Amino acid sequence: MTLAIRNALIHDGAGSDPITGDVLIEGDRIVEVGIVSGGADDDIDVGGLSLAPGFIDVHTHDDFAALVHRDMAFKTRGGVTTCIVGNCGFGAAPFDAAMVMGKSLYPDMEPPVYEGYAGYLAALDEYPPGVNIGVLAGHGTIRLAAMGNERRPPTDDEMAAMHASLSEAVDAGVLGLSTGLIYEPGRYAETEELIELTAGLRGTSALYASHMRNEGEQLLEAVNEAIRIGAEAGVPVQISHHKVTGEANWGLVSQSLALIDEARERGQIVNADQYPYTAGSTVLRAVMQNQMFDNRTGAEGVVIASCISRPEWEGRSIASFSEEWDLTPMEAAQRIVDQEDGTSVVIHSMCEPDVETVLAHPSTMIGSDGIPTLDGKPHPRLFNTFARVLGHYSRDRGVLSMAEAIRRMTGYSADTFGLVDRGYVRPGAFADLVVFDPETVIDRGTFADPNQYPTGIHRVYVNGVEVVNGDTPTGALPGRALRRVDG
Ligand code: ZN
Ligand code: CU
């Protein structure tokens, strides 16, 4: 079965200037790029639209969504063909601990039961989703399984149990280990524990990805900790959702970017990902535990995104509850999590110049950090991240050229995470492709009305199979579990 996509403005994913031509696909691979003279079983003329490698979302929390919302339309309709799951310390295994951590966000999910990361990857083989999935092991999940929610260093036996979990994950083919150092139980880990565990990745191509301990006034200390863990463990570092929050700290990203540059000059591999918005999103409990009301963001800036038992609260700020109930913001937040433990919020806490400074820096690739609570008002980044980078930040604001913006969501990402034969349009690569209109592509989801698909994404292919055609997901499930290949 061959498919020719003709008359496209082809971006290679390496940042080269685009060329006009055709792409010939045979089965799941690209076999020819340029002028394809012969016929094909299927022939599509895309009339000069742009064609790029499918977007790689390097920062997701789709571990369970991939098994329970298998078409993954909230990703494919935004041009995404691969998701890296397991970020911020929240991993898919060990299963029982993953359910405890996952169910605070998705109380009614029922994924198939599996054992370990090998079992999770096998479940994806058996029940494939619409996108490819690469997996990070989560430190928080591993720690919870080994020692519960203890606020102390692990004993030798507990450390051995954590090493055993991680080596199961490494043998199964995970792409790295993530930490979430503002969340329970990751926040109770000291740097030494993290160095010791991360050293379990040494000698493989796996990386250390971190939602750092602080993204406000102590951002630089937190970046230094991540870089130190990578240096001492001998493992590449991925700084998750690089940003600074809190008005008093705005501008600090130029210094955190300089720390990355310095580490790179010393020969360390340090990269980062970013979502293209001035608001973040997390669980309300974490906002409270990290005292974000007092020293970072006013309670007006913290807005309920998803509250399963009280959907009427969604879209309201913590300040509005504190006023209505005549409580402090902290007390009002406590009443809300007493009602619904997994309540998630959107936090307006960053500034536009910082977002652009981080995006322009060569260490930054794109990751949505979307939390797939599809029923509430999830942060619009879930559906719209890639279209917003292309339409708003590249075309309209000129922060990056279109070719470079595409590289930051394709080739660069594939190289960093070790995704073999993905992220590029070239002969031999897997046919993960997106056809989009560079003149009209734009995000449409807003904070008030987030569940809107972006415009300008015309066709999406995963492993040579069409998953989106115009406004319609095809229902195909051609995604694969992507296992690490060392060396
Ligand atoms: Zn995070
Ligand atoms: Cu995250």
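## Charges over rings

Arg316 sits over the face of Phe321, 4.0 Å from the ring centre. Here a charge counts as over a ring if NZ of Lys or CZ of Arg is within 6 Å of the ring centre and within 35 degrees of the ring normal. Arg335 does likewise with Trp325: its charged end lies over the ring, 4.7 Å from the centre.

A quick note on the model: it is predicted, so local features need pLDDT of at least 70 and side-chain atom pairs pLDDT 80 or more, while totals for chains, interfaces and linings use all residues. Residues are numbered from 1 along each chain as its sequence is written, and side-chain values use heavy atoms, with hydrogens and water left out.

## Ring pairs

There are 11 aromatic pairs in the structure. Rings of Phe, Tyr and Trp (its six-membered ring) pair if their centres lie within 6.5 Å; planes under 30 degrees apart are stacked, over 60 edge-to-face, and the rest tilted. One of the pairs is Phe90 with Tyr183, edge-to-face at 5.1 Å centre to centre and 70° between planes. These two are 93 residues apart: Phe90 is in the loop between strand 7 and helix 3, Tyr183 in the loop between strand 9 and helix 7. (Helices are DSSP runs of H or I with at least four residues, strands runs of E with at least two, numbered from the N terminus.) Tyr183 is buried because its relative accessibility is 10%, whereas Phe90, at 23%, is partly exposed; the cut-offs are under 20% for buried, over 50% for exposed, and partly exposed in between, using a 1.4 Å probe and protein chains only.

Tyr277 and Phe447 have ring centres 6.1 Å apart and planes at 80°, so they are edge-to-face too. Tyr277 is buried at 4%, and Phe447 is partly exposed at 31%. Elsewhere, ring pairs join Phe55, Phe386 and Phe436 into a cluster.

Strands pair if DSSP finds at least two bridges between them.

Strand 13 and strand 15 (residues 344–348) are joined by five bridges. Ser281 has Val346 of strand 15 as its bridge partner.

## Thr2 in strand 1

Is Thr2 buried or exposed? Thr2 is buried, because its relative accessibility is 17%. This residue belongs to strand 1 (residues 2–10). Leaving aside residues up to four places away in sequence, Thr2 touches Leu24, Ile25, Glu26, Ala40, Asp41 and Asp42, where contact means heavy atoms within 4.5 Å.

Methods:
Chains are lettered from A and ligands numbered from 1 in the order in which they are written.
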